[in-house]
Amino acid sequence: MARNKTLTFEVTGLNCAGCAGRAERALTDVDGVETATVNVATSTARVTAPGADPFDLATALESAGYPAREEAATLTVTGMTCASCTGRVEEALATRPGVLSASVNLATEQAQVRYLAGATDPATLARAVTEAGYPARPADTAGADDATSRRKAEIDTARRRTLIAAALTLPVFVLEMGGHVVPGFKDLVHDSIGRQAAWLLQFALTTLVLIWPGRMFYARGVPALVKGAPDMNSLVALGTAAAWGFSTVALFAPALLPEGTRAVYYEAAAVIVTLILAGRWLEARAKGRTGAAIQKLMGLQARTARVERDGEVMEIPIEEVGVGDILHVRPGEKIATDGEVTGGHSWVDESMISGEPVPVEKTDGAEVVGGTINGQGALRLRATRVGRDTVLAQIIDMVEQAQGAKLPIQSLADRVVRVFVPAVLAVALVTVAAWLALGPDLTFALVAGVSVLIIACPCAMGLATPTSIMVGTGRGAEMGVLFRKGDALQRLDAARVIAFDKTGTLTEGRPRLVQTVTTDGWERAEVLRLAAAAEAQSEHPIARAIESAARDSRLDLPTVTEFTAVTGHGLRARVSGRELVIGTARMLAQEGIATDPLEQAVAEMGGKGQTPVWMAVDGRAAAALAVADPVKDSSRPALRALHEAGFALAMITGDTRDTARAIAAELDIDEVAAEVLPDGKVDAVRTLRDRMGPVAFVGDGINDAPALAEADVGIAVGSGTDVAIEAADVVLVSGDLAGVENAARVSRATMRNIRQNLFWAFAYNTALIPVAAGVLYPFFGMLLSPMLAAGAMALSSVFVLSNALRLRRLRPAAERSTDAQAGPADAPRPAPAE
């Protein structure tokens, strides 16, 4: 791959000259690098590397501990009509200095580019694409309204071209083909205006079709052909030009053609252009609908806000709202931005964000999300996030990133498309040559060659995957499922096991103390008072349960003079002069403390699904406290649905084996990994993968982040921490586990839709190109008309788009369960929708 000779880019982690030297040596060791200098003052590297790939440079620096700073850009690209076009745009980007990867999406008309910071910039990348023949610009300069306007303009342009072409083509078609429908019509034309005049009229009208609405095929196709990179426009240009050129010779210089072959095919050229333009019009309309989810999300953004300024409430543009501003929201109004309620009481409809149909109560201290709808009460709130930092803006960004992804399944189509158009040109030439040698006449060979050029459809291949991804991820967002990474769609479809963290994921995450068993000599109140004082220093949810129980009992908590947390085990503390050890049985055993007096009581706690917390005072077991975390109401039906969908279910928890088994039995979970320390969750995920296949892990906490990253698919519950969400591939906006079922159903339905589209695209081209070449003629005496070929080609892309749009009918689990409850008591449970 050609690269510029010298590359300058930014390097991170440089603190001294020694760092620079090590970074230089790492770069020099890369094959193809001639010289490398690293400047610690500017944190940049300058590399002379005519034969090195930027990806290898970045990898070398990463291994050395001085990662190159990477940036990403999104470009809006116009003028792409087929998968061949996306390949050429990708190639134009990939050959720019510093570009690490480039992925172009035909359906969204966007390019995602990752590059070394400092080596290039979005404007330069856009210029490179424009010079390749596809006008481009950085997407950040095109807002939501601009994107919508551009899509509407594209549809309007396609409609206008189609109608103009149709108006000009209709007389041509009637003059030439009318005799096949109405007896005597051909004789009437010849007797009235004469054959030569009829042909001249067809010539004039067809020429107008080709140079006016059909000009785009030549403006794009001919330069691509000259550059040796033909695309679909080149096929149409060659096919129509061949039909028009042969007809023009027959009209103006008939002596150049053999006797018996002097006929015109103007109607073929005109009808081909008209039908393909009609297909492009339908395609543009369908593309507009595939992006409906993004447009709907963008439509949720408020345009103005009522803000306190200088003691008065005034309405200002949303762009002028800043963090800390005090906003007023009237009943029924859209909440302008994310914030915290500082006054008022209301119920807010958050269904457009979370997919949950029930309004949520909001009082002082509650968080609200911009774009949601206030109910009957008035609210006063303080803005906490504005602009691109709001939840809604981040959701839109996640969906756009996922929609622009390129799945592994698309790699086969990409490889085929690279050689598809040149192969079609070769087949067309072979077809013409073969029929000239074997067939009836020149006209027959020409018709067969034109049919081959016209019927081939790389568009269907190019649209098969991205349109399904667009509609699938968009519908997922409407259902409260955000695919942060597009390839998670394919990986989730391949998952065979779904593993759950217990606390906060399967359970409410709000444990409460339900039982306290003490040894002789200890009172419950004294045990609880000491334990709560120590646990008040801890951040663990179980600590909150014990502290809350003490406060509910109105106990005064003594002073803690020493405190040490032991991750995954418990804590040590000095309270009122006593040495406390609180935590697991393993921790007490490590301290050499006998647990015999409480083992029977602890076994009973575990059998009830309660978590036992051991407590020792001054080296002797004093009490066992039972903490229970209620299972979420949504957990049972969601896990049952996942079982029915064919998934094996697992639970990973730090609870004792008895407690974990009791909860697993209650929820019908297949596999349990109990007494797992926070850093052991990754190993638990690996073990499940080795034994049972690809694993999806569902979690919500900071300690779940490594397991979310390790799993084949990490699914973060949206009510969880930012760290967990950042590590995940899929985010559930609400805490309802029905979202896991929805995510699995979106993944399976989208992947099945992609396979259907790819099968159609490949089967269509594989079956009809030989038919167009005339392989059936010796058996049935039939040859495919170029006009029928054009119609088939136009409809193939429309079919792929229409099939992808079926994903919009995918229904969330909540709707299906409601329908099931409304049906007869003995009605069979509906199968998971696809």
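**Entry 1: strand β16**

I started with a facing pair: Glu-340 stands opposite Arg-382 in β16. A reminder to myself before going on: this is a predicted model.

Next I looked up the strands involved. β11, residues 338–344, pairs with β16 in the antiparallel sense, and I found 6 bridges between them.

**Entry 2**

What is the strand order in the open sheet of 3 strands? I read it as β1-β3-β2, with antiparallel pairing. The edge strands are β1 (6–10) and β2 (35–39), and each of them pairs on one side only. I also looked up the twist, which averages 15° from one strand to the next.

Then I checked β1 against β3, residues 44–48: they pair over 5 bridges in the antiparallel sense. In this pairing I jotted down Leu-7, which stands opposite Val-47 in β3.

**Entry 3: two helices side by side**

On to helices. Two packed helices are described by the angle between their axes and the distance between the axes. I looked up both for α15 (residues 442–455) and α28 (residues 738–773): the angle is about 165°, and the axes are 8 Å apart. Angles over 145 degrees count as roughly antiparallel, so α15 and α28 are roughly antiparallel to each other. The crossing of α15 past α28 is right-handed.

Which residues of α15 meet α28? I listed Ala-448, Ser-451, Val-452 and Ile-455. On the α28 side, the residues they meet include Tyr-764, Leu-768 and Ala-772. Sorting the residues of this contact by type, I got 8 nonpolar, 2 polar and no charged.

**Entry 4: aromatic pairs**

How many aromatic pairs does the structure hold? I noted 8 of them. One that I looked at is Phe-203 with Tyr-266, which are 6.0 Å apart centre to centre, with 65° between the planes. That makes the pair edge-to-face. Phe-203 sits in helix α7 (residues 195–211) and Tyr-266 in helix α10 (residues 266–290), so this pair ties together parts that are 63 residues apart in sequence.

Terms used:
Residues numbered from 1 in each chain as written. Predicted model: local features only at pLDDT ≥ 70, side-chain atom pairs only at ≥ 80, totals over all residues. Heavy atoms only, no water. Axes fitted to C-alpha atoms, helices over the stretch in contact; angles between N-to-C directions. Helix = DSSP H or I, 4+ residues; strand = E, 2+ residues; numbered from the N terminus. Parallel < 35°, antiparallel > 145°, perpendicular 65-115°, else oblique. Left-handed = near helix turned anticlockwise from the far one by under 90°. Contact = heavy atoms within 4.5 Å. Nonpolar A, V, L, I, M, F, W, Y, C, P; charged D, E, K, R; others polar. Pairing = 2+ DSSP bridges. Phe/Tyr/Trp six-rings, centres within 6.5 Å; stacked < 30°, edge-to-face > 60°.
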